[in-house]
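Please keep the sequence and the structure in view while reading.

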Amino acid sequence: MRNMSVVTRFILTGLPHAPALDIPLFGIFLVIYVLTVVGNLLILLVITVDSHLHTPMYYFLANLSFIDMWFSTVTVPKMLMTLVSPGGGAISFHGCVAQLYSFHFLGSTECFLYTVMSYDRYLAISQPLRYASLMGGRACALLATTTWLSGSLHSAVQTTLTFRLPYCGPSQIQHYFCDGPPILRLACADTSMNERVIFVNIGVVALSCFLLIVLSYVSIVCSILKIRTSEGRCRAFQTCTSHCIVVLCFFVPCVFVYLRPGSKDAVDGIVAVFYTVLTPLLNPVVYTLRNKEVKKALFKVRSKSVFTE
């Protein structure tokens, strides 16, 4: 279908809230955003500097921190503008295209990366003697590259299906960022086929990744129960608990927003805060506060900086 769009810009309505909450919400989300960027940058710095963290698990964690830092940056700054500026919700047509592509690119890449990380934990716990040979530098690079390329392809499909339709008004997007479902409601054409294809596309990716993660952790639990020492079992469980917490906080809201019938704008906007704002913050919090190796590396970096001063 030829795109006959006459819309040159969209208006993001932002989060549904009382006007009196503009400043408090701005302050809260600004603090969360700053902590998210700084926290993920710290993880990247520590993993890069400390040679003890040059392992497959931390290689994938570095990728996750990089994604989370930009995943939050794609949506939060624009949301902050809608809270304090009268015209802050305005976004150009091409800017909206770029935001939707970036959002789904980073989001789906993170989805694939969680799957790879669960597979890495499965090999580390279930195949400890073969782990080093199975997850060498080349294998890690190949897995990471595949997640980024798969995310790019998935996002290209989402973006193409969304913006191949004509948009001739209205131009108000009932959300705080450009996303497929609220944008499709503004199209001046039948969107049923697009919605079905997008639903299947997201459903296949999300459910496939989630099932593979569950399968990996079922195998991991079976392997952990075979460990004879209670200390060994406790350490293995602690290694995987952090990953499970972040995975659940990412997948559950996504499934709620994209894979349920009768989607509601107000509810979707609020639930989306969990995986666009809070989950990127959870990464540095969970992986540092629950991880002795990262905390030790952070202390070493801090000690070196103090010593050099």
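## The nonpolar core

A nonpolar core is a set of buried Ala, Val, Leu, Ile, Met, Phe, Trp, Tyr and Cys residues joined through side-chain atoms within 4.5 Å. The structure discussed here is a predicted model. Its largest nonpolar core has 87 residues, and the members that touch the most other members are F10, F29, Y114, Y167 and Y275.

Which residues are in contact with Y275, leaving aside its neighbours within four places in sequence? They are F71, F103, D179, C249, F250, P253, C254, V257, Y258 and P280.

## Annotated transmembrane regions

An unreviewed UniProt entry places the feature "transmembrane region" at residues 30-47, 59-80, 198-225, 237-258 and 270-289. In the model, residues 30-47 are 100% helix and 0% strand, with their end C-alpha atoms 26 Å apart. Residues 198-225 are likewise 100% helix and 0% strand, and in that stretch the end C-alpha atoms are 40 Å apart.

Helix α1 covers residues 22-49, and L45 is found in it. Is L45 buried or partly exposed? L45 counts as partly exposed because its relative accessible area is 41%, and the partly exposed range runs between the buried limit of 20% and the exposed limit of 50%. Together with L30, V34, V38, L42 and V49, L45 forms a nonpolar patch on the surface. The accessible area of this patch is about 450 Å² in total. As a general point, nonpolar side chains in soluble globular proteins tend to be buried together.

I47 is also found in helix α1. I47 is classed as buried because its relative accessible area is 7%, and buried means under 20%. Beyond four places in sequence, I47 is in contact with L53, H54, Y58, L61 and A62.

Helix α3 spans residues 93-126 and contains T115. With a relative accessible area of 12%, T115 is buried. Apart from neighbours within four places in sequence, T115 is in contact with C209, L212 and I213. T115 and S133 are 18 residues apart in sequence, and their C-alpha atoms are 20 Å apart.

G95 is placed in helix α3 as well. G95 counts as partly exposed because its relative accessibility is 24%. How far apart in space are G95 and F10, C-alpha to C-alpha? The distance is 9.2 Å, although G95 and F10 are 85 residues apart in sequence.

How many salt bridges does the model contain? The count comes to one. It joins the side chains of D120 and R121, with a distance of 2.8 Å from N to O. This pair meets the rule because a salt bridge requires a side-chain nitrogen of Lys or Arg within 4 Å of a carboxyl oxygen of Asp or Glu. In general, side chains of opposite charge can pair when their charged atoms come close. D120 and R121 are both buried.

## Helix α7: N201

N201 has its place in helix α7, which runs over residues 192-225. N201 is buried, with a relative accessible area of 16%. Not counting residues up to four places away in sequence, N201 touches H154, V157 and Q158.

Technical notes. Residues numbered from 1 in each chain as written. Predicted model: local features only at pLDDT ≥ 70, side-chain atom pairs only at ≥ 80, totals over all residues. Heavy atoms only, no water. UniProt positions renumbered as here; feature names shortened; annotations may be inferred. Helix = DSSP H or I, 4+ residues; strand = E, 2+ residues; numbered from the N terminus. Patch = residues over 30% accessible without salt bridge, like charges linked within 9 Å, V, L, I, M, F, W, Y side chains within 5 Å. Areas by Shrake-Rupley, 256 points an atom, 1.4 Å probe, with all protein chains shown as cover. Buried < 20%, exposed > 50% of the residue type's maximum accessible area, 1.4 Å probe, protein only. Contact = heavy atoms within 4.5 Å.
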